[in-house]
Amino acid sequence: MNYVAQRLLTFPFILLGVSILVFVSIRRIPGDAIIAMLGTEAGMMTPAQRAALAAYFGIDQPVWIQYWRWLSGLFQGDLGISSIYAKPVLSVILERFPLTLQLALMSMVIALSVGVPLGVLAATRNEKPTDLVVRILAMLGQSTPAFVIGILIIYVLSVYFGMVPAMGTFTPLFVDPLASIGQLFFPAVTLGFAFAASVMRISRSAMLDVLSDDYIRTARSKGASSMSVVWRHALPNALIPVVTLSGVEFGYLLGGAVIVEQIFALPGLGRLVLDAITQRDYALVQGTVLFIAFNFLVVNLLVDLAYVALDPRIRLGGR
């Protein structure tokens, strides 16, 4: 618990650094919310009209005052008001987050259920045709961009099967599970393809290292079956690098897979951030990035705790 407490105590400092970075970065982009909203008509405003709009959007003060106002509201649980949606930023984020969370979970399930077994199979068939096929698949998956996979899926479904994946809509899982999974299945396959390729390579490499350890030879000398040696003795230790990779990838997925969400017109966090940046919705960009950073920190903490569950020899906190 001491280790968990120490990690939790670092969260505010990391989030403070992230907030400063994103606050300054978004304001370094040319233009502002007024120009993004009005376009060329912004040049036709009088100074009084522009000053009134600047006060409305909260950009009439120096940057450090704007930051202090936003930070003061953050301590009270207020991330500000979105200029695009005219709603509290937190409510907008929570509306979009269920889709991104479900998409990330489905992508991870697909990647792990495909990548781990194939990686183990390749390791147990080292330098054999099966191993070669798995390595080619892994290389193909890692070298093919996600948007190419997504476009190919849409093309094949529409041309050869006469159907198009559901786009632009999302049904929450608790409302209609089958419809919800069906809407996100092909985007999850698109994201999970490259993820599975990485899992194949990592799990194969880790299994090859573990299978050469002394305790594996001891287990075999005691008469343990090949299945027991591979899945019961070797796999738990080989999963540690897989867990590390999964934690990093899952954090990225929670940040929103922008390209895939654009291709399948999914209203997730990725498209939300992209729209907020193009519209110079400062409060929405700041709040969403901070929310994503918090998710990343939580996922990394859970990954560290998973190490202990997988390998009792690991002790957190240097004990």
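This is a predicted model: local features need pLDDT of at least 70, side-chain atom pairs count only at pLDDT 80 or more; totals for chains, interfaces and linings use all residues.
A pocket here is an open set of points on a 1 Å grid over the protein atoms alone, where a 1.4 Å probe fits and protein lies on both sides within 12 Å along at least five of seven lines. Residues are numbered from 1 along each chain as its sequence is written, and side-chain values use heavy atoms, with hydrogens and water left out.

The second largest pocket is lined by 13 residues, of which Leu15, Leu74, Leu79, Leu290 and Phe294 are the closest to its centre; a lining residue has an atom within 4 Å of a point. At least two lining residues come from each of helix 1 (2-28), helix 4 (63-75) and helix 13 (282-310). Helices are DSSP runs (H or I, at least four residues), numbered from the N terminus. By class, the lining has eleven nonpolar, two polar and no charged residues. Ala, Val, Leu, Ile, Met, Phe, Trp, Tyr, Cys and Pro count as nonpolar, Asp, Glu, Lys and Arg as charged, and the others, Gly among them, as polar.

Two packed helices are described by the angle between their axes and the distance between the axes. Helix 1 and helix 4 pack at about 135 degrees, with axes 11 Å apart. Axes are lines fitted to C-alpha atoms, for helices over the stretch in contact, and angles run from 0 to 180 degrees between N-to-C directions. Helix 1 is therefore oblique to helix 4; angles under 35 degrees count as roughly parallel, over 145 as roughly antiparallel, 65 to 115 as roughly perpendicular and the rest as oblique. In their contact (heavy atoms within 4.5 Å), Leu16, Ser19, Ile20, Phe23 and Arg27 of helix 1 meet Val63, Gln66, Tyr67, Trp70 and Leu71 of helix 4. This contact has seven nonpolar, two polar and one charged residues.

The axes of helix 6 (residues 129-143) and helix 8 (residues 177-211) come within 8 Å and cross at roughly 135 degrees, so helix 6 is oblique to helix 8. Their contact comprises eight nonpolar, three polar and four charged residues.

Helix 9 (residues 214-221) and helix 10 (residues 226-254) pack at about 165 degrees, with axes 11 Å apart. Helix 9 is therefore roughly antiparallel to helix 10. Tyr215, Ile216, Ala219 and Arg220 of helix 9 meet Val229, His233, Ala234 and Asn237 of helix 10.
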